[in-house]
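Okay, everyone, thanks for coming.

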Amino acid sequence: MNKTLIGPQLRQLRRSFNHTQAEMARQLGVSAAYINLLENNQRSLSVKMLMGLTETYGVDWRNLVQDTEMTHLADLRAAVRDPAFASDRPDLQELRGALDHAPRLVGLFLQLYQNHAKLRENMRTVTAAAGTAELMVKSPETAIYEFFRGHSNHFAALEEEADAARRAVGGTQDEIYSNLKRHLSRAFGIDVEVVGLDALPDALRVFDEAKGRVLLSEALDPVNRNFQLAHVLALVQCGDQLDQLTASANIPQGLGDARCRVELANYFAAAFLMPYDSFLKAAQTTAYDIDRIATSFGVSFEQACQRLTTLQRKGAQGVPFFFLRIDRSGNVTKRFNATAFTLAEQGGACPVWNIHSAFYAPGRIVSQFVELPDAGQFFTISRTTDRPVFSRYTQDRRLVVTLGCERAHASEIGYATPLNIEDNSNVAQIGINCHLCPRQACSERAHEPLHVNLPVDANRRGSTRYES
């Protein structure tokens with residue numbers, strides 16, 4: 001025991017109590033110089049000093065004197081031999097110096113390396129099962145999402161086309177449907193007819209370009225009839241523009257091009273029904289009251305939400321929002337993003353996020369401040385949206401739509417008023433999903449993370465079966 005060196009352990013103990021060397025020396029009745037010599041392993045620990053440490057700081061002497069230096073040194077040497085550190089590896093003296101002077105940093109590095117090794121092993125398992133080629137192929141849906149995100153979900157050319165079309169169609173808000181029908185007939189020779197469910201049992205809208213005819217299902221309400229006609233107008237008025245934008249997206253072959261063209265036509269339809277300048281003004285003057293905005297423009301709550309994500313014109317920008325739509329199982333059925341936040345790109349599955357509890361309050365907006373593990377904080381609002389109901393078999397077809405923005409913009413949004421924007425205690429700690437979330441002691445955890453080893457102790461029961 002007389003030759004035991006505990007420099008790193010002593011330094012860590014002192015720092016955990018926020019004590020200086022002088023304060024520790026005073027507590028133990030020794031000189032500050034002696035504490036300094038102990039921490040630098042220039043003096044060995046005596047039995048008297050060991051007893052003083054255990055009595056004064058309440059530590060278990062076995063934890064204090066256990067020899068972890070050789071174990072950590074071996075772990076460090078193995079880690080830095082990994083091919084990831086192929087060049088300019090530290091030598092043994094540097095590794096010993098790191099252990100002596102930065103033991104906590106060494107511990108964090110070794111934990112990070114262990115997580116990296118675990119993730120690498122999981123990736124090997126996945127690629128062995130699915131094949132590397134299949135794993136690396138980007139889905140058309142992902143490519144389309146990245147294309148829209150790369151444009152900040154704003155297409156100036158389609159905005160201009162929509163404004164020109166709106167001027168050509170003319171009329172007031174309550175005349176949109178009749179004026180759209182007349183414009184399609186006169187300008188493009190296209191007739192519009194609303195038909196029964198028997199005629200369109202599996203579709204809401206069919207555009208037969210060869211016959212110059214649009215069939216709309218009677219299941220569509222007036223708001224969605226307007227949107228579908230505006231979509232058809234996009235196809236016939238600016239088809240070349242849609243083709244050029246789709247070609248620039250570099251979507252994988254298959255159905256991707258058609259899907260991208262549909263989304264771009266939907267963008268035109270929203271811009272036609274909700275002209276940029278007047279829509280931005282309405283959003284700002286109402287503090288982003290979505291129901292008021294939707295009523296003013298004769299659109300649905302979901303359509304207004306999605307349009308809010310497109311207000312990124314240079315010099316006339318709105319709050320940068322992301323948009324998600326989920327079903328009851330938590331599947332994301334639509335997402336748009338005018339931001340750089342991973343919450344919009346990958347999120348939607350965390351049960352701590354009240355996007356899911358909105359199903360229990362149909363038609364009501366629920367708001368929440370949330371924080372990701374990287375400390376990024378957001379303000380989100382969620383509400384149910386109904387699908388067309390046209391028989392007893394199609395009742396209760398609800399989805400939930402969510403808008404979110406960085407917390408810094410919450411003061412511009414009326415829905416945040418009832419919350420204390422300055423209070424950090426009302427922030428829900430969420431993750432992307434359980435597989436990627438490193439949070440510990442989360443009572444909602446359903447899976448072990450792929451890239452982090454959670455602590456397990458057979459003598460302790462934690463919040464979930466995955467850690468203790």
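Before that, some housekeeping. This is a predicted model, where local features need pLDDT of at least 70, side-chain atom pairs count only at pLDDT 80 or more, and totals for chains, interfaces and linings use all residues. Residues are numbered from 1 along each chain as its sequence is written, and side-chain values use heavy atoms, with hydrogens and water left out.

So, the overall picture. The protein chain has 19 helices and eleven strands; these are DSSP runs, helices being H or I with at least four residues and strands E with at least two, numbered from the N terminus. Of its 468 residues, 43% are buried. Buried here means under 20% relative accessible area, exposed means over 50%, and partly exposed is in between, with a 1.4 Å probe and protein chains only. The chain exposes about 24,800 Å², and carbon and sulfur atoms supply 50% of that. Those areas come from the Shrake-Rupley method with a 1.4 Å probe, and for residues only the protein chains shown count as cover. Now take the contacts between residues at least 6 apart in sequence: 57% of them join residues at least 24 apart. Contact means heavy atoms within 4.5 Å.

On to the inside. Which residues touch the most other members of the largest nonpolar core? They are L264, F272, I290, L308 and F379, out of 71 residues in that core. Helix α15, residues 256-273, gives the most to this core, with ten residues. By nonpolar core I mean a set of buried Ala, Val, Leu, Ile, Met, Phe, Trp, Tyr and Cys residues joined through side-chain atoms within 4.5 Å. If you zoom in on L308, leaving out residues up to four places away in sequence, you'll find it touching F279, A283, Y288, I290, V319, F321 and L403. There's also a second, separate core of 16 residues, and F322, F378, A428 and I432 are among them.

Helix α15 also carries R261. Why is R261 called partly exposed? Because its relative accessible area is 25%. Beyond its neighbours within four places in sequence, R261 is in contact with L235, G239, L242, D243 and T246. Take L235 from that list: it sits 26 residues from R261 along the chain, and their C-alpha atoms are separated by 8.8 Å.

Staying with helices, α10 covers residues 140-150, and A143, I144, Y145, F147 and F148 are buried there. After α10 comes S152, with a positive phi near 55°.

Now the loop between α16 (276-285) and α17 (290-297), where A287 is found. Y288 is in the loop between α16 and α17 as well. A quick reminder: most residues other than glycine have a negative phi. A287 isn't a glycine, yet its phi is positive, about 55°. Are they buried or exposed? A287 has a relative accessible area of 27%, so it is partly exposed, while Y288 counts as buried because its relative accessibility is 4%.

Strands β2 (residues 205-208) and β3 (residues 213-217) pair in the antiparallel sense over four bridges; strands count as paired if DSSP finds at least two bridges between them. R205 has L216 in β3 as its bridge partner. Four residues lie between β2 and β3, and G212 in the turn has a positive phi of about 65°.

F323 stands opposite F336 in β7. Five residues lie between these strands, and G330 takes a positive phi near 90°.

One more strand: β9, residues 377-386, is where S382 lies. S382 counts as buried because its relative accessibility is 2%. Leaving aside neighbours within four places in sequence, S382 is in contact with residues including N354, I355, R364, V400 and T402. S382 and Q368 are 14 residues apart in sequence and 8.7 Å apart in space, C-alpha to C-alpha.

Last stop, L436, in the segment after β11 (427-429). At 39% relative accessibility, L436 counts as partly exposed. That's it from me, so questions please.
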